[in-house]
There are 2 protein chains.
Amino acid sequence: MLNRVNLLVMAVAQVRDVAALAGVSPATVSNALNHPAKVSPATLARIQAAIDELGYIRNDAARQLRAGTNDAIGMIVLDIANPFFTDVARGVEDVLIAESRPLILGNSAQEPSRETSYLDLFEQQRMSGVLITPVGDVMDRLRRLRDRGTSVVLVDRMSRAKEFSSVSIDDKMGGRIATEHLLEIGRRRIGFIGGPAGLAQVKTRLAAARAAAEKHGSGEIVFVETETMNAQAGRWGAEQLLELPRTQRPDAVFAANDLVALGVLQALTLAGVRVPDDIAIIGYDDIEFAASAAIPLSSVRQPAQQLGSAAATLLLDVIADPAGSTVKHTTLKPELVIRRSTAGA
Amino acid sequence: MLNRVNLLVMAVAQVRDVAALAGVSPATVSNALNHPAKVSPATLARIQAAIDELGYIRNDAARQLRAGTNDAIGMIVLDIANPFFTDVARGVEDVLIAESRPLILGNSAQEPSRETSYLDLFEQQRMSGVLITPVGDVMDRLRRLRDRGTSVVLVDRMSRAKEFSSVSIDDKMGGRIATEHLLEIGRRRIGFIGGPAGLAQVKTRLAAARAAAEKHGSGEIVFVETETMNAQAGRWGAEQLLELPRTQRPDAVFAANDLVALGVLQALTLAGVRVPDDIAIIGYDDIEFAASAAIPLSSVRQPAQQLGSAAATLLLDVIADPAGSTVKHTTLKPELVIRRSTAGA
DNA sequence: AAGGCGAATTAGAACGATTCAATCGCCGCC
DNA sequence: GGCGGCGATTGAATCGTTCTAATTCGCCTT
């Protein structure tokens with residue numbers, strides 16, 4: 001008999017209902033669920049039958065309250081509309097599903113306010129771990145999270161202060177190889193399109209591009225800062241370049257990601273600029289769509305899924321041993337992928 | 001003074017610590033947080049100061065346990081790697097953020113087992129609402145969820161039994177206009193690529209295509225069933241078509257979504273088939289990348305973000321009045337977008 | 001037959017916030 | 001001066017599960 005019955009709505013079954021039906025105490029039901037070895041096979045079977053009959057579903061809020069922690073992992077991605085990040089998320093998911101840990105996915109959309117509200121949520125929920133690609137200045141928040149027992153791993157961003165473990169892809173190398181490639185095919189004025197400038201990825205790739213140009217001697221970087229990094233921003237960025245006087249117009253574009261690159265490609269084509277003859281374009285990420293673009297896009301391939309699974313694995317390690325003395329940084333290597341948009345000289 | 005202090009780790013502040021610091025009772029702190037009107041401005045200020053000083057963050061598990069419900073909304077999408085679904089998710093997010101309701105995003109990746117495990121999670125968490133585009137046969141699960149007080153709205157899928165409110169896009173119309181367009185430009189044998197066949201969207205679009213072909217008289221549909229709906233499946237599907245004897249080879253492909261269409265386009269191009277001359281291609285969804293494909297892709301545009309916001313709005317209505325007598329179905333209209341992949345005759 | 005042991009089970013106290021009913025203080029009014 | 005009334009505050013109970021410590025029971029040993 002359920003302990004509380006309403007004339008219209010049957011109350012949702014709880015441990016005590018299951019216990020009553022199986023003729024045991026609530027503690028035994030809890031043991032059956034959480035430490036089956038402690039319960040005799042016969043009782044186990046009776047309890048299972050009772051659970052099935054009543055359709056019992058444990059209340060996670062109560063469980064978490066008692067446990068003091070939530071076994072879910074929170075993840076905050078920069079832009080859910082960018083296939084690069086969905087690939088990373090899939091890498092994460094694969095690892096977590098195997099450990100049967102729920103993944104809560106949040107999209108900051110490059111807006112600090114949204115990032116903060118997800119951090120609030122994760123903090124209130126006492127998540128056991130958080131994966132984040134930060135937009136705003138959240139180091140204080142992350143420190144607080146860690147102090148409260150939530151493990152933190154940075155994704156695609158090295159922690160400057162080396163406080164947090166991180167998994168990233170070598171942006172310096174990526175920026176360098178993309179730029180060197182453009183220089184090698186004879187380009188000299190390179191428009192770098194991306195933003196905001198404060199974003200770590202943008203900052204590093206741009207700095208590496210400038211360094212490569214300087215080292216080469218006759219190369220030059222023109223920075224066009226955008227507010228976000230989608231195709232629309234790319235179209236806008238391309239228009240800025242086209243407004244420059246002929247003599248200052250770049251002969252190549254290095255886009256901070258492929259979405260921007262695709263936007264640039266569209267705008268240039270629309271304006272009658274020949275790609276790659278007049279302006280070569282290289283993107284970043286090598287998302288699936290780069291290869292099937294109108295003019296197949298050269299890009300700097302990032303092992304996105306691998307990044308995700310490495311991050312998830314690392315996070316699980318940190319959770320298992322939060323006091324683990326060492327902060328680990330894993331850095332994966334990007335790879336140049338040459339296609340038509342930078343073909344020939 | 002914190003009520004429990006460890007030599008090494010300062011305990012996380014709780015209501016009673018805040019209360020003690022502010023010189024009030026825990027009940028007043030709770031009121032300050034949840035019903036500020038009930039608390040005098042002076043006390044409110046003191047409590048706020050105490051909260052800031054201690055860095056108090058409320059424990060959501062305790063709150064939810066007491067409240068009996070979680071104010072978060074769960075959403076299960078078919079495929080996070082498909083821009084169509086991320087667009088839908090963004091529409092949902094926009095609405096929910098405005099209501100400051102957390103969105104928990106799960107990716108079923110078209111796998112019933114993953115779908116089920118997210119449903120388990122949402123059920124255990126006593127979510128107040130769930131948005132789902134079902135893969136497997138989950139009607140029983142959804143019914144149970146509803147009986148337990150979680151509101152359910154189906155996305156991009158009409159509930160056959162009309163039990164649940166839903167928001168969808170008219171797949172019948174979409175299948176028809178795509179097929180009619182191919183017939184109008186003179187194509188007769190149309191390969192329909194997508195799957196699995198059980199998926200509602202696939203079923204409906206295919207049926208509509210067949211109906212349109214039949215009505216026309218000389219049209220014919222060849223169905224190539226795939227396991228999923230990504231570019232790889234599209235490449236595989238295209239290869240199946242190419243293996244057919246010349247006489248049976250279609251002169252057009254209707255792909256169940258744009259990812260598949262892009263895969264088909266790649267494989268056909270690689271095999272030296274001219275698009276659209278030899279084989280025309282039309283996709284479905286009109287994702288952003290369709291327009292910038294090697295051969296810009298004709299498609300059936302679906303108002304994805306609008307679908308998402310409509311679904312979220314409807315769900316909030318249902319949550320506000322779960323007993324609301326009427327089950328509502330909103331159907332949005334798709335739109336034909338013609339580009340080069342089906343241009344000319 | 002008494003004692004001891006281990007496996008299985010259980011009573012009851014947490015976990016931390018919220019809420020209801022009850023109390024407190026204070027003001028104004030007769 | 002006493003009392004009604006009202007806003008502000010609070011004590012204690014509650015949400016459902018898990019864990020610790022204690023109990024029960026059957027069986028083996030000596």
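**Figure 1. Crossing of helices α8(B) and α9(B) in the predicted model.** In this predicted model, helix α8(B) passes α9(B) in a right-handed crossing. Helix α8 spans residues 171-184 of chain B and helix α9 spans residues 200-216 of chain B; their axes come within 7 Å and cross at roughly 45°. The two helices, α8(B) and α9(B), are therefore oblique to each other. On the α8(B) side, the contact is formed by Asp171(B), Lys172(B), Gly175(B), Arg176(B), Thr179(B), Glu180(B) and Leu183(B). Helix α9(B) contributes Gln201(B), Thr204(B), Arg205(B), Ala208(B), Ala209(B), Ala212(B), Ala213(B) and His216(B). Sorted by class, the residues of the contact of α8(B) with α9(B) comprise 5 nonpolar, 5 polar and 5 charged.

Figure 2. In chain A, the peptide bond from Gly195(A) to Pro196(A) is cis, and its omega is near -5°. Pro196(A) is found in the loop between β6 (189-194) and α9 (200-216) of chain A. In chain B, Gly195(B) and Pro196(B) are joined by a cis peptide bond with omega about -5°. The loop that holds Pro196(B) runs between β6 (189-194) and α9 of chain B.

Figure 3. Gln110(A), a residue other than glycine, has a positive phi, with a value near 60°. This residue, Gln110(A), is located in the loop between β2 (103-107) and α6 (112-124) of chain A.

**Figure 4. Packing of helix α1(B) against helix α3(B).** The axes of helix α1 (residues 15-22) and helix α3 (residues 41-54), both of chain B, come within 9 Å and cross at roughly 125°. This angle makes α1(B) oblique to α3(B). The crossing in which α1(B) passes α3(B) is right-handed. From α1(B), the contact draws on Asp17(B), Val18(B), Leu21(B) and Ala22(B). The partners in α3(B) are Arg46(B), Ile47(B), Ala50(B), Ile51(B), Glu53(B) and Leu54(B). The contact of α1(B) with α3(B) has 7 nonpolar and 3 charged residues, with no polar residue.

**Figure 5. Contact between helices α4(A) and α4(B).** Helix α4(A) packs with α4(B) at an angle of about 140°, and the axes are 8 Å apart. That angle makes α4(A) oblique to α4(B). Here α4(A) passes α4(B) in a left-handed crossing. Chain A places Ala61(A), Ala62(A), Gln64(A) and Leu65(A) of α4(A) in the contact, and chain B places Ala61(B), Ala62(B), Gln64(B) and Leu65(B) of α4(B) there. The residues of the contact of α4(A) with α4(B) are 6 nonpolar and 2 polar, with no charged residue.

**Figure 6. Protein surface near DNA strand C.** There are 24 residues around DNA strand C, of which Ser25(A), Thr28(A), Thr43(A), Val15(B) and Arg66(B) come nearest. Helices α2 (26-34) and α4 (60-67) of chain A, and α2 (26-34) and α4 (60-67) of chain B, each supply at least two residues of this surface. By class, the residues of the surface near DNA strand C are 8 nonpolar, 10 polar and 6 charged. Among the atoms of DNA strand C within 4 Å of the protein, 68% belong to sugar or phosphate, and the rest belong to bases. At a base of DNA strand C, a polar side-chain atom of Arg66(B) lies 2.6 Å from a base oxygen.

**Figure 7. Protein surface near DNA strand D.** DNA strand D is surrounded by 24 residues, and the closest are Val15(A), Tyr56(A), Arg66(A), Thr28(B) and Thr43(B). Of the atoms of DNA strand D that come within 4 Å of the protein, sugar and phosphate account for 70%. Both chains take part, as α2 and α4 of chain A and α2 and α4 of chain B each supply at least two residues of the surface near DNA strand D. This surface has 8 nonpolar, 10 polar and 6 charged residues. From chain B, a backbone N or O atom of Ser40(B) lies 3.2 Å from a phosphate oxygen of DNA strand D.

Terms used:
Residues are numbered from 1 along each chain as its sequence is written. Chains are lettered from A and ligands numbered from 1 in the order in which they are written. This is a predicted model: local features need pLDDT of at least 70, side-chain atom pairs count only at pLDDT 80 or more; totals for chains, interfaces and linings use all residues. Side-chain values use heavy atoms; hydrogens and water are left out. A residue is near a molecule or strand if one of its heavy atoms lies within 4 Å of it. A polar contact is a pair of N or O atoms within 3.5 Å; within protein, one must be able to donate a hydrogen and the other to accept it, and residues adjacent in sequence count only if both atoms are side-chain atoms. Helices (H or I, at least four residues) and strands (E, at least two) are DSSP runs, numbered from the N terminus. Ala, Val, Leu, Ile, Met, Phe, Trp, Tyr, Cys and Pro count as nonpolar, Asp, Glu, Lys and Arg as charged, and the others, Gly among them, as polar. Axes are lines fitted to C-alpha atoms, for helices over the stretch in contact, and angles run from 0 to 180 degrees between N-to-C directions. Angles under 35 degrees count as roughly parallel, over 145 as roughly antiparallel, 65 to 115 as roughly perpendicular and the rest as oblique. A crossing is left-handed if the near helix is turned anticlockwise from the far one by less than a right angle, and right-handed if clockwise. Contact means heavy atoms within 4.5 Å.
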